Amino acid sequence: MKARTVMAALLPALLFAAVGCSSTHTSASGNSADPKGSASSPGPAASAGSAGSPGAAGTAGASGTAAPKRAASRLERSALEQGDLAGYQISANGKNPNAPTGQPQADRKACQPLADIMGDKPDPAARETVNRGVGSQTELGLAVSASVSSYTESDAKALIARLKDAVPACASGFNATVEKKAGSYRDVKAVDYKAGGDESVSWTTTVSAAGVAAQVHLVVVRQGDTVVRLMALNVTGSGKTPEVPHAVTDKQIQKVRTAG
């Protein structure tokens, strides 16, 4: 529980569903996880009445007939859904309600890109972000936050470049604050991780707050004008270094390509 509290305070983008489905096969209601999700900063296609939102099934009009579903946006089609990955539960039940909202602010300018990536979206230039929670049903406690974000291609390229510069520049760590909740990110280390896509960057860091620490593995991939962000941690609080499963990364990149 301590590890979960730390993640809620310091990883706003980590979905509550990712924590929940890492240790259970079904949602609290006993049904499988809802494969549809909501988008932060949604575009027109993600508004009420679109696929994945309340009212997606349509509402009855004066004639008593149901309104047709609106097509999901390209970004929504890119997001993982329940059934995409054997051995994993995928959900978009929403973020932990206790988690702060927004982009963490780093105490070092060079480290702001790393702080941003922990926020509700990979960085302020994101046009739209769709989040998913992915829980392993075979590796106890492994939870992954998966998101896809739309950008202009130049902004997407700039984000990857900033992250590649920030990882070595912030090796000694930095502090960050979001909604007056502070924490530290230490031992920032680049990781050799083959992720596919047009380009990618990967690193690990140790997140600490209130005397509790947890390791996190991050993978950020650009595919054209879409950025995939994956964050893995072990919510059991074990000392094992988490790793984003390649099966999750590969499937997410495949869906981005197919949706495009």
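**Close-up views of a predicted model**

By the sulfur-distance rule, in which a disulfide is a pair of cysteine sulfur atoms within 2.5 Å, the count comes to one disulfide. The model is predicted: local features need pLDDT of at least 70 and side-chain atom pairs count only at pLDDT 80 or more, while totals for chains, interfaces and linings use all residues. Residues are numbered from 1 along each chain as its sequence is written, and side-chain values use heavy atoms, with hydrogens and water left out.

**View 1. The disulfide between Cys-111 and Cys-170.** The two sulfur atoms are 2.1 Å apart. The torsion about the S-S bond is about -115°, so the disulfide is left-handed. Cys-111 lies in the loop between strand E3 (105-106) and helix H4 (112-116), and Cys-170 in the loop between helix H5 (153-169) and E6; the pair is 59 residues apart and links distant parts of the chain. Helices (H or I, at least four residues) and strands (E, at least two) are DSSP runs, numbered from the N terminus. Cys-111 is buried at 0% relative accessibility, and Cys-170 is buried at 0% as well. Buried means under 20% relative accessible area, exposed over 50%, and partly exposed in between (1.4 Å probe, protein chains only).

**View 2. The stacked pair of Phe-174 and Tyr-185.** The structure holds one aromatic pair. Its ring centres are 4.9 Å apart, with 15° between the planes. Rings of Phe, Tyr and Trp (its six-membered ring) pair if their centres lie within 6.5 Å; planes under 30 degrees apart count as stacked, over 60 as edge-to-face and the rest as tilted. Phe-174 belongs to strand E6 (residues 174-178) and Tyr-185 to strand E7 (residues 181-190), so the contact ties together parts that are eleven residues apart in sequence. Phe-174 is buried, with a relative accessible area of 3%, and Tyr-185 is buried at 2%.

**View 3. Strand E10 (residues 226-234), with nine of its nine residues buried.** One side carries Thr-226, Val-228, Leu-230, Ala-232 and Asn-234, the other Val-227, Arg-229, Met-231 and Leu-233, and both faces are covered. In a regular strand the side chains alternate between the two faces of the sheet.

**View 4. The strands paired with E10.** Strand E5 (residues 142-150) runs antiparallel to E10 and is joined to it by nine bridges; two strands pair if DSSP finds at least two bridges between them. Leu-142 stands opposite Asn-234. Strand E9 (residues 212-223) pairs with E10 over seven bridges, also in the antiparallel sense, and Arg-222 has Val-227 as its bridge partner. E9 and E10 form a hairpin with two residues between them, and Gly-224 in the turn has a positive phi of about 65°.
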